Structures are given as structure tokens and as C-alpha cells.
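Thanks for asking me to look this one over. My notes are below as numbered points, to be read with the model open beside you.

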Amino acid sequence: MAIRLATALAALMLTTAAAHAQSVIMAMSSSPTAIDPHYHTFNPNETVDIHIYDRLIERDPQNNLIPGLALSWTMIDDTTWEFKLRQGVKFHDGSPFTAADVAYTFARVPTVVNSPGSFSIYTKTVISIETPDPFTVRMKTAAIYPLLPIDLTNVFIIPKNLGPNPATEDFNSGKNAAGTGAFRMTAYKAGERVELERNDAWWGPKTHWQHLTIRMIPNDGARTAALLAGDVQLIEFVPTADVARLRADKRVTLAETASLRLIYLWLDRSHTGPQPFITGPNGEALATNPLNDLRVRQALTMAINRPAIVERVMENAAYAAGQFVGPGTWGHTPGLNPPIHDPARAKALLSEAGYPNGFRITLHGPNDRYVNDGKIIQAIGQMWSRIGVQTTVDAITWPNYVARANKQEFAAYLVGWGFPEATNPLRSLVYTFSPAKGWGAVNRARYSNPHFDALVDKLMTTADDTTRERLVQQANQLAMNDVALVPLHLQKNIWAMRTGLSFVPRADEDTRVMDLRPAP
Amino acid sequence: MTSWLLRRLIQALFVVLAMTVIVFLGVNVIGNPVDILISPQADQAERARAIIALGLDRPIWEQYATFLWNAVQGDLGKSFVFNEPALRLIASRMPATIELAVTAVLLSIVLGIPLGLYAGLRPNSTGGRLIMAGSIFGFSLPSFWVGLMLIMVFAVQLGWLPSTGRGQTETLFGIPWSFLTRDGLAHMVMPATNLALGNIALVLRLTRAGVRETLPLDYIKFARAKGLSPARVLAVHVMKNILIPIVTVIGLEFGSIIAFAVVTESVFAWPGMGKLIIDSINVLDRPVIVAYLMMIVFLFIAINLIVDLLYTVLDPRVRLETRE
């Protein structure tokens, strides 16, 4: 009897140890605003949602498109995309996944109440959906739209069983939070944690962890400390200042990769006359905005020592950039390298443009948005001053900064943006600001070049991927030659985990616990 | 008593009204929440839609009038960010902050007053000097630094306490509390200490100063001469007379701990109201900012009321109604 009890106890201890070993806690750097996958286009929401829901098309770690709930996608004619769906997939509520759920999801996306950032930006090119059989979906677009597969990597599929107008609150409470994903949600405490259990019926490769807790620890120091103390096993967005120290610490390992987030400067083109933040070398008013002169823009980009910024300011947690996307991302233009740092040539260009004594400019930037943002503009201010452009640096808190940037107040200013591939910045950032078309929406500097626009018009209606990529590269080259904006660097994404674990770092900043495993 | 209470409430209403006007104008001057909340991928049409959805397309006075009208009916609006009623959002975070603040205030009373008494009664002893020297650290060290140091020492190096978070909770009256579970208590030790440090120092110094001031007075000498026990002299004659300033300070500090526990809450990832208000300010979530500040104004008024009532208990000479 005693022996049997001891064996039973030992067995019990073994199973609890095993259960414990399969629990994992991951710490996020910001809090999601909802569990509803269609409520808010916001990265932290996506980080939580990728564990609960799946998309028709997924992204691999290098941001290439891979099959998700759709096994294949083809443009069968100019205005129709056909998707073949994965069979045998079940939602967490037990209902089977079929084409009707896709149609239901697309109908629901634009109807989310009070959404602060709607996912309809990814679904509105689809004017109708046909479901010829349960595992085929045909999406009709008004015109040729080659970017639909990329847009679909953002739209999570929910089951039609949720009925008409499912409420955002019911997703947060867990009542509606049924997806097809690797984990099912068991509890959500806003601003604190999400608890999830493995979905053993998931169609993807088996996930190692039986139980997943996602905690929100926005404070950088606290997040690192929680990892060092062993309270969490994986953290995202490791602060650059801690990287060197963590590398030397035996308790943790790092995983890093180039991100899709480009940090760049806008040079204002909206003012043709005087620019409020630019004056002559002695503070006198100028009749025209010098930034409209290509030679001035070339001088400003050439004056920036990008390798020095990457090494000193970013502590090597970035790559110097000369275009929108890095090598390996679709649309990257080979040979379009970061402009070479050449202060002498920059000075000569300024003289040629009629500013032998330079001018005065205020360089604006946020101080609480991007990694080391305030320090980057200080460094650039000094580099510009060296070629005779006397630069005043003004770093402002983001809520105020973005409002003023959107009103075209600033002359030169820093922003950052994650590009899924190269068409996206061409269409939204560099294309002429055209509200009717919805293009150039974030062209804050109001850059406008008819040649460039014609090129983008053409590539946006080109179905063939190879031809389109060539056109994208041409447009890319044109924008950079014309210094439509000043690329600085692509950030690195860095994760840290307890030693003994391995993680696949991703370009798109998502933290997928499915990619965390005990190291082989 | 009732007219005094009524006057207080009317004053409070005016404060709240002025505060809402300031927040409305302030947020409007700083920027537009849509600029912050919207995806960078969004086009012009989507931006316009979001502005209309949040009611930001209407003139500011009209937004304010709508707010006032709804507020009178008890509706303070929905958060721009979470699309949940602002009040419910705040209420869901309140218990975490309250239990932390109450623990911190209890700590400052339980530790601050005895230490202060000791330092006051034996000002020249080594212990008394040590306590006074230590108290300087209590209020001069920045709390975010102390918080991180606590984590580094007790969680990372020694591994005695969990580094961050709220731990396991237990439900009482339908509200989850940390102090009811062992794990929750372990999670509370460091943030509560961090929050209490400054207040312990403050209470300690006030107590000591009071004791030092009171001891040489005639009535204490007389009490001693009467042959009362030292304990009774201390408890009745000294304490009762020095408690008024201490109660005032503890009351005010309790208010500010609840309202501004944000540093401690972010360092320890404690999911309370402080974190909520800072996040809301960062994204200009006006309904939450307004609702939060309204609640804080009422909280301070309530605390002041209680403090005033306590005065009358401590000192019978104090009257609530001042005669004109």
C-alpha cells in the first residue's frame, strides 16, 4: 500500500512537473486595445490575435506570403481572385471552417462599431464574394488589384456562428473569442494578461506549450528584470541600451533580425514660398522654400553619416538604409545603397543651389515614439550644421508631434513606418496626396512628381509579379534619386528568452509563441 | 452639519466643471486622437470615418455640450481606445490601485508612527539618529529607481519575490483582490513598500517633530508630576495632541497615492488606474482622462471630509460650522 502510494505520488509529481514545463509566459511591450480581431489596426492587438485566429494568407519570418487558411490563391481574371481553402479545419467552438466564414468575416469587418482604426482598409477593394463550393472563395475587385493577397495577411477569420453584429465586448469577455488558431483564449484581463490553452486540433505544426500566458509589461526596465528573474520566459522589444549587457548574461539568449520599420526624414514640399521653420543664414526670411531644390535635398541626405548613427546612437540595433525595404523583402532594389557620407560634396551642392552660406532650419522629431528618436535628430542636427545648415533640434511628445506633422507645419521631421513590401510606401507615402483615390494618404511632405505617379499607376494595374517587381524597383529608384524623403535606417527586432529556449525572430515584429521551443 | 456638507458639495461641483473645461480645451490643443490611433496604412477616407465615429468632426463646444448633457444623466462617454464606458474601465482597474494604496498607507502608519515616537523620545540615541538619517533616503530617492533596485535585489539576485505583476487573485464581493492569496501578497510586497517609503519617512518626521515640541510643555510635565505612567502620558497626552497634523498629511497622501501611483505601477507592471491614466494621456483618450480626473476630484473631497470629521474626534474644540 505504502509503495503504491509512493509510486502514485511520484507519478503525480512527474506529471505536474511535465505540465509545468509546458507552461510559458511571454511579456509584451504594450497592451492590446481589444481581443476583437477587427476592432483596431494596432500591432499589439495582432500579437495577441495571431495566437487565437488564423488568416487566409500568413507571412513567414522573412515576410513572404505562405498558405494559411487558404492553400492557394490565383488571379483567374483581371478582377477575380480565387482562393482554395484548407479542409478539415475547426473553430474553437467546434464548427467547421468553410467559405461561408470568409464571406461572413468580410461582411463583418466594415461594421465594427466605433473602431478607432478599421480593418476595412484591407477589405474594401473586394466588392463582392462568391462561394461556389464550401472550400472555394472568389473575390471580385473593381479593377486589377494585385495587392489583395498582401492585404489579406491582416484579416483574421472568425466563425459565422457568432451571428449578426458580434459586439467587441463579447470578444474581450471570451464569449466570441473563437478562432481556428493554435491557442484558445481562457481569460483576458485588460492591461494585465491573456491566458490561453493549446488547441490540439490546430492544423499547423504541433505547438510545444500546453499553457500560454501573455503579460503586458510596457516599462523597459521591468520587462528585462522579469526575464532575468525568470518570471517570464520570452520578452519582445528588448531595449537597445540593454542588448550589450544581456548578450553577456548566461541566463538569457537573444534572437534578432532586420525589421520592416524604416526610420526616415520628411523634407517639406508643401510650401513653395517661405517655410516657417527655414530662414537665411542670419535669420532673415527667405522668399522660397529651399527644400524644393533637388540639390539642397541631395546635400542634406549626403551630409548624414548613417553608419555613425547606427553604431553610436542605435548601438548597432539597426541597418543603414538607402531605400524603403531591406534585402529579402519584396520590391528591394539591388544596388540602391545608403547615400555615401560626403560633407564636401554636400557643401558644394548647397553653393550651386545658391546657398553658399547655408540656411537655418529646425529639425523636428518625436521623443517618445521610435527607438532613440530624440538622439537621432540631435546627431543629424550636428551633421547638418557641419555643412553650414544651422540646425535647431526640437523633440516633442508624440500626441502633439503627429498632429502638427499632419498639418504640414514642419520643415524637416523624423518619422518611422513598417512596410510589408515596397509597393506600400510608393502608393501611400510618395504618390501625390489624392483623397479621392485614397493614395498618398500619408504623404505628409506633399511631395509630387507626375513621372513617379504615372509609374505607380502602371504598376498597380500590372498583374504579373515579375513585371510588377521591376516597375516597383524603377519607382523606388526614381523616388530615391529625387530625394522624395531621406531614409535613415531599418530597425532591428530583438527578442530575449531564457537560455535553453529557441525562437524564430520575425521581420514583422509579431511575437509568435508557436515559434518558441526548447533549444535542440 | 448639513449646510456645511452642502457647501462642500457645491464647491466640488464647480471644481469638477472647471476641470472638465480645461481637459476638453487642453486635449483639443494638444492634438487629435485619431492621428495617434489610426493605422499608418489607412487612407484619407478611413481617417475621415474614424474622426466621425469618435464624434471629433463636430465643433469643440458642441462636443462639450453633448458631454455635459450625457454626464448629467450619468454617462461619461466611451473610451476612444477601448470602446468601453470610461467609468467601467476605471472601476475595473480601481481595486488593484486601492489595495496597493491602502497597504502603503497602513505601512506608513504602522512603521512611521512608532519609529517617529522612538526618534522623538530618544533624539540623541544611536537608534534615533539612525532612523532620522534613514528617513532622508526615504523621501529623497526617486521611487522609480528604488523600485528597479528592489526588483534587481529581491527578484533578480535573490529570487525571493516575484518581479512584477499582480499574481493570483481571489474574488471578494465580486471583485478580484491580491491580498487574499499568498501569491498575491508576495506580489504586493515590493510595490507597496516602494509606494510607502516616502510616506513612512514623512509620517516619521512629523511624529518626531510633534513629540519633540510637545514633551517640554507644561501639561506633560504636570502629567508626569501627577505620577501617570509613561505609557499613559505618551498615548493620551502626547499622541492626541500631535495627531492632527499627522492625520491631515496621511489623508492627503492617501489621495495622492491613489491618484498618482503611476510610477510604481509602471515599474511593477501593476494593472491599476495609474497606468490607465498615463496610457490614456498618451493617446489623448479624452473620455477616460475626464472621467478619471472627475473621480480624483471627488476622492480628494471625500478624503478632506473624513479628515475634517476626524479632527472633531481628536480635538473637541474643533467645530465644523464656523460662526460668522
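**Notes on the two-chain model**

1. Let me begin with the chain contact. In this predicted model, 46 residues of chain B are in contact with 41 residues of chain A. On the chain B side, the elements that give two or more residues are helix H2 (33–37), helix H3 (44–53), helix H7 (143–157), helix H11 (262–267) and helix H12 (273–282). H3(B) gives the most, with 6 residues. By class, the side of chain B that touches chain A divides into 25 nonpolar, 13 polar and 8 charged residues.

2. Next, the domains of chain A. The assignment gives domain 1 (23–216) and domain 2 (259–492), and the C-alpha centres of the two lie 34 Å apart. Contact between them involves 9 residues of domain 1 of chain A and 10 residues of domain 2 of chain A. The domain 1 side of that contact holds 6 nonpolar, 2 polar and 1 charged residues.

3. Strand E8 (residues 183–189) and strand E9 (residues 193–198) of chain A run antiparallel and are joined by 6 bridges; in E9(A), A:Leu196 is the bridge partner of A:Met185. The hairpin of E8(A) and E9(A) has 3 residues between the strands, and A:Gly191 takes a positive phi near 75° there. On to the next strand: 5 bridges join E9(A) to strand E10 (residues 211–216) of chain A, again antiparallel, and A:Glu197 stands opposite A:His211 in E10(A).

4. For helix packing in chain A, please look at helix H14 (residues 423–430) and helix H16 (residues 465–481), which pack at an angle of about 45° with their axes 10 Å apart. That angle makes H14(A) oblique to H16(A), and the crossing of H14(A) and H16(A) is left-handed. From H14(A), A:Thr423, A:Leu426 and A:Val430 meet A:Val472, A:Ala475, A:Asn476 and A:Ala479 in H16(A). This contact counts 5 nonpolar, 2 polar and no charged residues.

5. Helix H5 (residues 86–121) and helix H10 (residues 230–259) of chain B pack at an angle of about 150°, and their axes are 9 Å apart. The crossing in which H5(B) passes H10(B) is right-handed. On the H5(B) side, B:Thr97, B:Ile98, B:Ala101, B:Ala104, B:Val105 and B:Ile109 take part, meeting B:Ile250, B:Phe254, B:Ile257 and B:Ile258 in H10(B). The contact of H5(B) with H10(B) has 9 nonpolar, 1 polar and no charged residues.

Notes
Residues numbered from 1 in each chain as written. Chains lettered and ligands numbered in written order. Predicted model: local features only at pLDDT ≥ 70, side-chain atom pairs only at ≥ 80, totals over all residues. Contact = placed C-beta atoms within 7 Å. Helix = DSSP H or I, 4+ residues; strand = E, 2+ residues; numbered from the N terminus. Nonpolar A, V, L, I, M, F, W, Y, C, P; charged D, E, K, R; others polar. Domains from an automatic or database assignment. Axes fitted to C-alpha atoms, helices over the stretch in contact; angles between N-to-C directions. Parallel < 35°, antiparallel > 145°, perpendicular 65-115°, else oblique. Left-handed = near helix turned anticlockwise from the far one by under 90°. Pairing = 2+ DSSP bridges.
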